[in-house]
Amino acid sequence: MTNVIYILPIILIFVGVGLLFVLMIRLSALLVMPWGAPYVPCKEENRELIRTMIREKKRVLDLGSGDGRVVADLAAENETVHGYEINPFLVWKSRTTLRKAGLSGKTRIFRRNFWNCDLGEYDAVCVYGISYMMERLEKKLLSELPAGATVVSVGFRFPNWQPVRNEGAVWLYEKG
Ligand SMILES: C[S@@+](CC[C@H](N)C(=O)[O-])C[C@H]1O[C@@H](n2cnc3c(N)ncnc32)[C@H](O)[C@@H]1O
């Protein structure tokens, strides 16, 4: 009985800290919404389309790279793949996943707000965004990417840029 009196508060503290941690992770996925899309992982069918649309590129970027699954996919067929991710939990998770998959050599995850970065070094960009950021992102990509760059958008299309291909909720663009 005396043991229970000592052990119960310790168990409750551990459970409380665990629940707080889970809540923080859930909340952090939503807190990024003023800067871009909340974390929603890309569906398998869309990942397959991204893989077919971005191949044999030198420098590929996943804008808002989440848990790194798209970065890992793209690493198979492209030279170097980077991910920019604002959420520190997802940065940590994706770096761990990519390291375990043996992909640290050709991939890199940066903890960055992509609005503050110049994207001119990439010849292919992939993004799973949200409706209210698409017009601003369209302008940014068209002003910073080199001629001939490929852009794949999942979930939402750009309002003015004409896609060269569309399959379901995935649009392929080429910068002239
Ligand atoms: C819809 S999820 C897509 C995740 C991943 N690309 C995928 O397809 O599975 C959007 C991601 O963008 C990140 N994000 C939102 N705004 C951002 C910003 N301004 N800079 C960097 N990452 C951002 C979110 O944290 C989230 O992980």
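Start by selecting Asn87, which sits in the loop between strand S2 (80–85) and helix H4 (88–100). Helices and strands here are DSSP runs (H or I, at least four residues, for helices; E, at least two, for strands), numbered from the N terminus. What you have open is a predicted model, in which local features need pLDDT of at least 70, side-chain atom pairs count only at pLDDT 80 or more, and totals for chains, interfaces and linings use all residues. Residues are numbered from 1 along each chain as its sequence is written, and side-chain values use heavy atoms, leaving out hydrogens and water.

Is Asn87 buried or exposed? Asn87 counts as buried because its relative accessibility is 3%; buried means under 20% relative accessible area, exposed over 50%, and partly exposed in between (1.4 Å probe, protein chains only). Now show what Asn87 touches: Ser28, Ala29 and Val32, leaving aside residues up to four places away in sequence. A contact here means heavy atoms within 4.5 Å.

Next, the largest pocket. Select Phe21, Val22, Ile25, Arg26, Ser28, Ala29, Tyr39, Asn87, Phe89, Leu90, Trp92 and Lys93 to see its lining. On a 1 Å grid over the protein atoms alone, a pocket is an open set of points where a 1.4 Å probe fits, with protein on both sides within 12 Å along at least five of seven lines; lining residues have an atom within 4 Å of a point. The space inside is about 240 Å³, a volume being the space filled by probe spheres set on the points, which are joined across faces, edges and corners.

Colour by helix, and H1 (2–31) and H4 each show at least two lining residues, with H1 giving the most, six. Colour by domain, and domain 1 (1–31) and domain 2 (44–174) each supply at least three; these bounds come from an automatic or database domain assignment.

Now turn to the aromatic rings. The whole structure holds seven aromatic pairs. Select Tyr84 and Phe110: their ring centres are 5.7 Å apart and their planes at 90°, so this pair is edge-to-face. (Rings of Phe, Tyr and Trp, the last by its six-membered ring, pair if their centres lie within 6.5 Å; planes under 30 degrees apart count as stacked, over 60 as edge-to-face and the rest as tilted.) Because Tyr84 lies in strand S2 and Phe110 in strand S3 (residues 107–111), the pair ties together parts 26 residues apart in sequence. Both Tyr84 and Phe110 are buried.
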